[in-house]
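Hello,

Here is the structure for your files. My notes on it follow below.

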Amino acid sequence: MAPSPAPATGRPAGLTYAAGPVHPGTARPGELPEVHDALFCVALPALAVCAEHGQLTGHGLEGVYLAGRRLLSRCVLRVAGREPVPLQGRLAAADRAGFLGVLRTPGDTGPDPGVTVERSRGADGTERITLRSSAGRPLRLPVEVALGTDLADLGAVAAGRCGPELAASVHGTGMRWTADDGRYAIVTAVPPPMDALAAAGVLRWEIELAPGDARTIELRVRGDRTARLAGAPGPGPGAPAQGTGRSGRPGAAAGRQGAPGTAAGRPGGPVPALARPGGQVFAEARAEGDDPRVGRLLRTAVDDLRALLQRDPAQPADVHLAAGVPWRCGPVGAEALWAARMALSLGTRLAFSTLRALARTQLGGPGPEAGRIPGPLRDAGPHLPPRCTGIEATLAFPVLLAEARRWGMPEQELAELLPAAERCLRWLRGAADPSGFVPDPGPAGPWRAETQAHAHRAAVLGADLLEACGRPGAAMWRDWAHTLRRRFREEFWLDDRSGGRPAVARAPDGRPWNQLGGWAAHLLDSGLAGGGRHAPGLLDKARTEQLARLLGTPALDSGWGLRGLGVKEPGHNPFGHRAGAVRVHETAVAVAGLAAAGFEKEATSLLRGLLDAAEAFGFRLPEMYAGGLRTAGGAPVPHPAACRPAAVAAAAGVLVLTTLVGIRPDAPGGTVALQPVRSAPLGAVRLSGLLVAGEPFAVRVSRLGLGMVEEAAEGLQLGG
């Protein structure tokens with residue numbers, strides 16, 4: 001059975017909240033803490049959440065986490081009895097943030113501060129505090145760091161019911177805290193403090209600084225190594241998705257199931273570079289061009305993808321991407337598949353391990369659910385009931401495997417995964433109703449256009465996969481897809497005087513829901529076929545042209561990306577997850593689909609908007625942001641609870657750049673086609689360090705939109 005939906009109020013199902021006042025920076029019942037202005041240092045299962053001032057105050061989600069448990073909630077620095085004046089706080093890398101502050105010391109006669117305070121904090125909580133003197137005289141400064149923790153789960157922290165700080169004890173060169181369940185956290189300091197006050201959780205030093213001198217204190221945080229693995233404990237396949245609100249993010253009781261790093265099978269530290277012997281999960285890809293932002297976009301995207309890697313507890317050699325920090329770091333699901341698919345240009349290793357992890361969750365037995373991949377329900381906007389992410393994952397499985405084969409997945413890996421893909425296709429055949437449509441989330445419907453697009457893509461690419469591997473059924477699936485195309489155009493396309501539009505869904509009584517939104521981008525995503533061609537899509541040429549026109553209108557193109565629901569549609573909310581916010585993943589899908597269909601004007605507009613938004617967010621794109629209209633001199637408005645980094649948002653950066661240069665490989669056929677965006681909207685672009693057919697691949701596109709392969713596997717020919 002599919003999981004029961006969350007209530008329409010948005011309050012997580014089955015959760016209770018502690019009574020009492022809500023403190024500043026904590027969530028009210030039914031809410032999540034605001035995280036849009038926090039700095040997230042990520043190397044799962046480790047995570048540090050910091051404000052830009054650099055102090056950890058214990059408010060909101062601030063703290064250092066390991067496998068979903070907050071090891072340190074408070075780390076407040078004072079020098080000469082005063083907190084440094086914060087001047088700058090920023091991410092130095094995906095897993096590290098830097099902070100800069102200053103101090104005026106007693107005896108400073110002018111407005112110029114004489115001491116600079118530099119702090120560097122990593123995802124694992126390791127912190128270096130450097131005091132640097134510009135004073136013209138020797139200084140002797142008392143330094144103290146006040147520490148504390150509640151050892152609370154992320155879910156409890158998010159709900160504002162994490163409890164008081166634990167009592168500290170002096171431990172070696174630092175402090176130790178122990179919870180009732182035996183888990184603990186330890187902070188050690190180098191050099192050792194001159195004094196340690198357990199009752200206050202304070203470490204003290206006396207620092208002597210000569211003119212121009214600098215001194216550094218290093219703090220290290222560690223916890224017990226009994227962190228939970230993914231799904232233990234937690235609901236099994238088909239169990240209610242308790243702890244998730246309308247957008248599917250963990251609520252008050254979900255810290256154990258969806259906290260950062262809980263899907264990591266190696267709880268003691270971040271996932272290192274993994275792969276086949278001698279390789280890495282991701283290629284060392286680089287981008288450069290007339291627009292320097294392409295380099296930062298790709299570099300940040302790859303760094304964030306690495307930071308989100310988690311080990312599968314059933315097979316620690318396999319890794320997959322967490323959906324997003326801080327709310328969605330639970331077991332592997334549909335978003336991990338989407339991200340792996342969009343990042344195929346970085347290699348097929350992630351696709352293989354993600355597919356293998358999901359194959360282990362596939363339902364067995366002889367019943368109608370056999371072959372389906374379990375998954376929770378997620379919000380589908382103001383007009384539709386929740387959708388089943390398990391259905392989405394089941395339909396995406398054969399698609400990712402087929403496209404990974406085109407990018408060069410080794411034959412032995414393909415052979416290992418093929419039976420699971422066949423089981424997905426058998427489930428699809430049984431799940432489709434007599435008309436050929438696939439209901440979602442259950443047999444009673446509704447019938448969503450987006451789900452039909454996923455089903456059609458699975459059938460078309462599944463047929464190619466079966467044929468290439470010498471398996472039966474390819475002809476049947478091509479016939480099935482042909483029938484679905486015909487029926488979809490008859491049942492889901494709503495004609496009108498302006499040219500028509502697709503219906504978002506059909507109700508059980510046959511009534512269409514006609515709200516237009518970013519979901520329609522999936523109708524243009526037909527998938528990669530042989531010879532560098534795109535597979536046939538659900539829509540014919542005339543309907544594709546009409547949809548492209550609609551996606552390019554101001555009602556959907558906000559200037560920063562594609563809105564989840566058009567501004568003229570009932571229920572539009574610029575902050576709604578599927579009700580008007582810009583969803584980065586769907587914007588990238590639209591860019592790729594529009595470019596493939598030849599609608600470069602509309603694709604370019606969305607591409608430019610997404611790149612401008614990325615720059616405004618420091619090139620770490622959130623999963624979504626407000627879909628308000630872009631104005632001159634404006635900036636995209638963050639969503640207060642959006643995950644950042646998020647797997648599909650980071651992978652979207654990779655997809656739009658590979659779309660720009662138009663790489664369409666067919667490694668089994670020994671060819672790669674280049675179909676760059678002819679208008680070259682960002683000028684000349686060069687991508688290098690990609691992987692096609694398991695070997696480095698580099699391509700350059702000129703200002704005239706002409707593509708040239710500069711590096712490729714031996715024997716790989718330019719085709720298409």
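**Notes on the model**

Strand β26 (residues 505-506) is joined to β27 by 2 bridges, and the two run antiparallel. Strands here are DSSP runs of E with at least two residues, helices are runs of H or I with at least four, and both are numbered from the N terminus. Two strands count as paired if DSSP finds at least two bridges between them. Across this pair, arginine 506 stands opposite proline 512 in β27. Both strands belong to an open sheet of 3 strands, ordered β23-β26-β27, with antiparallel pairing. Its edge strands are β23 (447-448) and β27 (512-513), each pairing on one side only.

This is a predicted model: local features need pLDDT of at least 70, side-chain atom pairs count only at pLDDT 80 or more, and totals for chains, interfaces and linings use all residues. Residues are numbered from 1 along each chain as its sequence is written, and side-chain values use heavy atoms, with hydrogens and water left out.

**The chain as a whole**

The chain has 13 helices and 35 strands. Of its 720 residues, 59% count as buried. Buried means under 20% relative accessible area, exposed means over 50%, and partly exposed lies in between (1.4 Å probe, protein chains only). The chain exposes about 27000 Å², and carbon and sulfur atoms supply 53% of that. Areas come from the Shrake-Rupley method with a 1.4 Å probe; for residues, only the protein chains shown count as cover. Take the contacts between residues at least 6 apart in sequence: 65% join residues at least 24 apart. A contact means heavy atoms within 4.5 Å.

Strand β10 (residues 127-133) is mostly covered, with 5 of its 7 residues buried. It pairs with two strands in the antiparallel sense: strand β9 (residues 115-122) over 7 bridges, and strand β17 (residues 214-223) over 6 bridges. On the β17 side, the bridge partner of arginine 132 is alanine 214. β9 and β10 form a hairpin with 4 residues between them. In that turn, glycine 125 has a positive phi of about 90°.

A further open sheet has 5 strands in the order β3-β6-β11-β16-β15, with antiparallel pairing. β3 (56-57) and β15 (195-197) stand at the edges with a single partner strand each, so one side of each has no neighbour in the sheet. β15 pairs with strand β16 (residues 202-209) over 3 bridges, again antiparallel. There, alanine 196 stands opposite leucine 203 in β16.

Helix α13 (residues 647-661) has 15 residues and reaches 22 Å from its first C-alpha to its last. That is close to the 21 Å expected at 1.5 Å a residue; the expected span is 1.5 Å times one less than the number of residues. α13 is mostly covered: 15 of its 15 residues are buried. Glycine 662 follows α13, with a positive phi near 75°.

**A surface patch**

Which residues form a nonpolar patch on the surface? They are Val85, Leu87 and Leu100, with about 250 Å² of accessible area together. Patch residues have over 30% relative accessible area and no salt bridge; nonpolar side chains (Val, Leu, Ile, Met, Phe, Trp, Tyr) are joined within 5 Å, like charges within 9 Å. A salt bridge is a side-chain nitrogen of Lys or Arg within 4 Å of a carboxyl oxygen of Asp or Glu. Valine 85 is found in strand β7 (residues 85-93). Valine 85 counts as partly exposed because its relative accessibility is 45%.

Best wishes
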